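This briefing is meant to be read alongside the sequence and the coordinates. It begins with a question about position and then moves through the overall layout, the surface and selected loop residues.

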Amino acid sequence: QFTSEFMYDQVCAENNSLLGDINWDGEVNVIDILITVNLILDIEYDVYADLNADNQINVLDILLIVNIILESGV
């Protein structure tokens, strides 16, 4: 039952968030990088900041955010 509900939430739920938008403001920008850096420094975990899904927030996640920003052309 748990697995079924979890998978439904992951696959079927409407999720309008942007990958890399850690603060959910509708934009991926330097603020999201700063929030991720603070999470790393405070040794905190946020599933939205773990972009590569390795259960760690580290420089690789920051690089992914930077890449998203560069690809967006902003």
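Where is Trp24 found? In this predicted model, Trp24 is found in the loop that runs between helix H1 (2-12) and helix H2 (30-41). The points below place that loop within the whole chain and then take up individual residues.

**Overall layout and confidence**

- The secondary structure of the protein consists of three helices and zero strands, and the pattern read along the sequence is accordingly written α-α-α.
- Where pLDDT is low, the predicted coordinates should not be read in detail.
- The protein has 74 residues, of which 24% count as buried, and among the contacts with a separation of 6 or more, 35% are between residues 24 or more positions apart.

**Surface**

- The accessible surface of the protein comes to about 5500 Å², and carbon and sulfur atoms hold 59% of that area.
- A nonpolar patch on the surface is formed by Trp24, Tyr45, Val47 and Tyr48, which together have about 450 Å² of accessible area.
- Trp24, as one of the patch residues, has a relative accessible area of 46% and is therefore classed as partly exposed, since this value falls between the 20% and 50% limits.

**Asp21, in the loop between H1 and H2**

- Asp21 also lies in the loop between H1 and H2, and its relative accessibility of 4% means that it counts as buried, because the cut-off for that class is under 20%.
- A polar atom of the Asp21 side chain lies 2.8 Å from the backbone nitrogen of Gly26.

**Ile43, in the loop between H2 and H3**

- Ile43 lies in the loop that connects H2 to helix H3 (59-72).
- Is Ile43 buried or exposed? With a relative accessible area of 77%, Ile43 is exposed, because this value is over the 50% limit.
- The C-alpha atom of Ile43 is separated by 9.5 Å from that of Gln56, a residue 13 positions apart from Ile43 along the chain.

Methods. Residues numbered from 1 in each chain as written. Predicted model: local features only at pLDDT ≥ 70, side-chain atom pairs only at ≥ 80, totals over all residues. Heavy atoms only, no water. Patch = residues over 30% accessible without salt bridge, like charges linked within 9 Å, V, L, I, M, F, W, Y side chains within 5 Å. Areas by Shrake-Rupley, 256 points an atom, 1.4 Å probe, with all protein chains shown as cover. Salt bridge = Lys/Arg side-chain N within 4 Å of Asp/Glu carboxyl O. Helix = DSSP H or I, 4+ residues; strand = E, 2+ residues; numbered from the N terminus. Buried < 20%, exposed > 50% of the residue type's maximum accessible area, 1.4 Å probe, protein only. Polar contact = N/O pair within 3.5 Å; in protein donor to acceptor, adjacent residues only side chain to side chain. Contact = heavy atoms within 4.5 Å.
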